Amino acid sequence: EMERMHEELNLAASIQREFTSAPFPRTPGVEFGLLYRPMNFVSGDIYNVHALDDHRAAFMVADVVGHGVPAALLTMVLANSLAGIERAAATRGELSPAAVLSQLNARLCEMASGSGRFATAVYGVIDSRAGTVTFAGAGHPPPALLHDGRMRSLETNGPLLGVFEDGEFDEVTVTLADGDSLFVYTDGLDQAFARTETGWSKELPTFRIEQMFAALRRCDGDPLESMMNEVSSQLDAQIG
């Protein structure tokens, strides 16, 4: 019985990886980096990055409450729903991050009504021609923008997905200069670190994440590779 369960979990993990293993889009002037480490076989966190056209790319990072298979199944609902919402938006010739989250919220409210299941998310569109990124958030840790050696959080207003049917989502648009970096993450990043004397904080970014961002500002050489290596090494130091 244990071997059978082990095989099923491995199969579930491989299916989830297939949903998230598509190569990054080749958007002119934009580089993408990723660090994705499920806590168990499957993850309650999911990401999606894909091209909309020759100069725009869409991205989503979402975090479903809980862990294990139940949370992973809901990430598949999110991924599948997102694809349908974007196809409908493409037909109409418009794609609004706030509208996308609003429709995802309606879908989760319908699917998870009364179950106590919900998710946080950030969805955005990068336009390399205009040099901008427009995004909306749903109760998710704020993305962080590294510009000219300084890091700042980009706050958005939006409720959790799957809780309030009439939830409203705001959009934020920022200009990206050459060399700028945008970090989108889940609270799993903070939870990977041991608690410190500063105590537990529900507000992100926490002290430990701020420390990580400070280290990223000092990265030399290839900025993207150096930054991803720095995040990876700091997480490796927490193992055990």
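## Strand β5 and its partner β8

Ala144 stands opposite Phe183, a residue of strand β8, and this pairing is read from a predicted model. Strand β5, which covers residues 144-147, is joined to β8 by three bridges, and the two strands run antiparallel.

## The three-stranded sheet

The strands β6, β5 and β8 form an open sheet in the order β6-β5-β8, with antiparallel pairing. Because β6 (150-153) and β8 (181-183) each have a single partner strand, they stand at the edges, and one side of each is left without a neighbour in the sheet. Direction ignored, neighbouring strands of this sheet are turned against each other by 20° on average.

## Thr134 in strand β4

Thr134 belongs to strand β4, which spans residues 132-138. Its relative accessibility is 17%, and Thr134 therefore counts as buried, the cut-off being under 20%.

The side chain of Thr134 makes a polar contact with the side chain of Thr173, at 2.9 Å.

## Gln234 in helix α6

Gln234 is located in helix α6, which runs over residues 223-236. With a relative accessibility of 18%, Gln234 counts as buried. When residues up to four places away in sequence are not counted, Gln234 touches Phe193, Met212 and Ala215.

Definitions and conventions
Residues numbered from 1 in each chain as written. Predicted model: local features only at pLDDT ≥ 70, side-chain atom pairs only at ≥ 80, totals over all residues. Heavy atoms only, no water. Helix = DSSP H or I, 4+ residues; strand = E, 2+ residues; numbered from the N terminus. Buried < 20%, exposed > 50% of the residue type's maximum accessible area, 1.4 Å probe, protein only. Contact = heavy atoms within 4.5 Å. Pairing = 2+ DSSP bridges. Axes fitted to C-alpha atoms, helices over the stretch in contact; angles between N-to-C directions. Polar contact = N/O pair within 3.5 Å; in protein donor to acceptor, adjacent residues only side chain to side chain.
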